Amino acid sequence: MAPGTMPLYCCRAMPKKPASEMAPDQRWKLQVFYLCFYGFMTQIRPGESFITPYLLGADKNFTKAEVTNEITPVLSYSYMAVLVPIFLLTDYLRYKPVLVLQSLSHISIWLLLVLGTSILAMQLMEFFYSITMAARIAYSSYIFSLVAPSRYQRMASYSRSAVLLGVFTSSVLGQLCVTLGGIRFLTLNYVSLGFVSFGLILTLFLERPRRSLFFNRPGGSGDATVPTELDRIAGGDAGGGTRGWRDMVLCRMLWELGALAKQPQLRLWSLWWVFNSAGYYLMLYYAHILWNEISPTTDNRRVYNGGVDAASTLLGAVTSFAAGYVKIRWTLWSELVIGVVTAFQAGLLLLMNSTTNIWLCYAAYILFRGSHQFLVPIAIFQIATSLSKELCALVFGVNTFFATVLKTVITVIVADKRGLGLSVHPQFYVYFGYFTLLAVVYLLAAIRVGVQHSHRRQPVELALAKELCQPSVESPAQEKSPEAGNVQA
């Protein structure tokens, strides 16, 4: 369109257009605000921190063996089963349908918690919980469709902050209801059911995006978007339309990831993501059972799960924020930092499992989660720094899948009744040994990196020493030959 015709077109069209089209800049801001509000409200589930004592208490009266070895392991198995399909459907269906599925799964969870009485019902509850976990990718990816790439980092931080604030608020609200209000766990679950039902209503008002990262690329000559990694990879198929590369692009990107895996920092932090995340979530799944083992009580007002979850969420947010200000040479110090943090976590696991003081166990749990959250943004930066957003999303998807597979294997061997079927205390000794082994491997790798670095520095230092000594050797010749000074000048 010629520049001179734009004002006339706008004048004719403005009376017929909705307000959202008259102010596109305000439109995306409202969408981001609504997404953050949605992210906050869908985290308000005050009964979530008290699911384990609810199952073990008089309301449901399941045994610790049933919860530990029959109900909880289903979460790992079902999460592994639904992770990849939901990852692909999220992009293919453009986010909103998966968010609706997540909200329906939340409602199913709390209906089963309120009405279910059998082990099978609780296992089905864990299945729906795994769907909600896998569907979190839809919320975190939704931001791609709302803002330009230049604004993504800031907007993503807003959406994540909204989720963390929602988790914190939910935990505090639940703890206040239990401790000060004396509300029963069953009543708290009814309250949670009301909140997740409201979350479904909010989901229905989300706008379904027209594009996504992999399967629904923006097209047309009028699209001013800068070519992305997918466009580059699919460049050979551009003449044949979009269907030619839709079927192959993920395979080609996976092939490209194989080449990227040769980068030392990407490989190191991806391995950390796989191995440490598996252990981290296993600890999370069984920590509440451990607390009930250390401090069994029939007085709900003395159950402080919500307060501990709130404190760990707050510390995790603080350590994640602080990690952004750590400025060191990561190519040299990454292995050492990971090794020290992992050794610290191993010590915390031993403390959690050996103490009989519930407050020490709470403190160790809070520090464990905070230390893990400290490394998460560092890992994200180290992995994403040399990747496009498409490859970055695929890397994290692959890493999460392998972590889930490893977590499932450990669950089958250690926790499931068809494996060793260990109770919670022996399980935590296994997790302690697991993190100790990881710490030893990381620290040995740090020593190797330090030795290699010192060996590389020695030739450089010798060369510098020779250069410093060279002028003093040549100075007599220069004094004998004034012409040499002219040549040097």
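## Ground rules

Because the model is predicted, local features need pLDDT of at least 70 and side-chain atom pairs count only at pLDDT 80 or more, while totals for chains, interfaces and linings use all residues. Numbering starts from 1 along each chain as its sequence is written, and side-chain values use heavy atoms, with hydrogens and water left out.

## The chain overall

You're looking at 21 helices and zero strands. Both are DSSP runs numbered from the N terminus: H or I over at least four residues for helices, E over at least two for strands. Of the 489 residues, 46% are buried (under 20% relative accessible area; exposed is over 50%, partly exposed in between, with a 1.4 Å probe and protein chains only).

The chain exposes about 24900 Å², and carbon and sulfur atoms supply 66% of that (Shrake-Rupley areas, 1.4 Å probe). As for contacts (heavy atoms within 4.5 Å), take those between residues at least 6 apart in sequence: 82% of them join residues at least 24 apart.

## Helix 15 against helix 17

Two packed helices are described by the angle between their axes and the distance between the axes. Here, the axes of helix 15 (residues 264–294) and helix 17 (residues 330–354) come within 12 Å and cross at roughly 15 degrees. Each axis is a line fitted to C-alpha atoms over the stretch in contact, with angles running from 0 to 180 degrees between N-to-C directions. The two helices are therefore roughly parallel to each other (under 35 degrees; over 145 is roughly antiparallel, 65 to 115 roughly perpendicular, the rest oblique).

On helix 15, the residues in this contact include W269, W272 and M283, and on helix 17 they include I338, L349 and M352.

N61 sits in the loop between helix 4 (51–56) and helix 5 (64–71), with phi near 65 degrees, a positive value in a residue other than glycine. At 58% relative accessibility, N61 is exposed. Y95, in the loop between helix 6 (73–92) and helix 7 (96–115), also has a positive phi, near 70 degrees. Y95 is buried, at 1% relative accessibility.

S49 belongs to the loop between helix 3 (24–41) and helix 4, and at 7% relative accessibility it is buried. Leaving aside residues up to four places away in sequence, S49 touches S171, H288, N305, G306 and D309.
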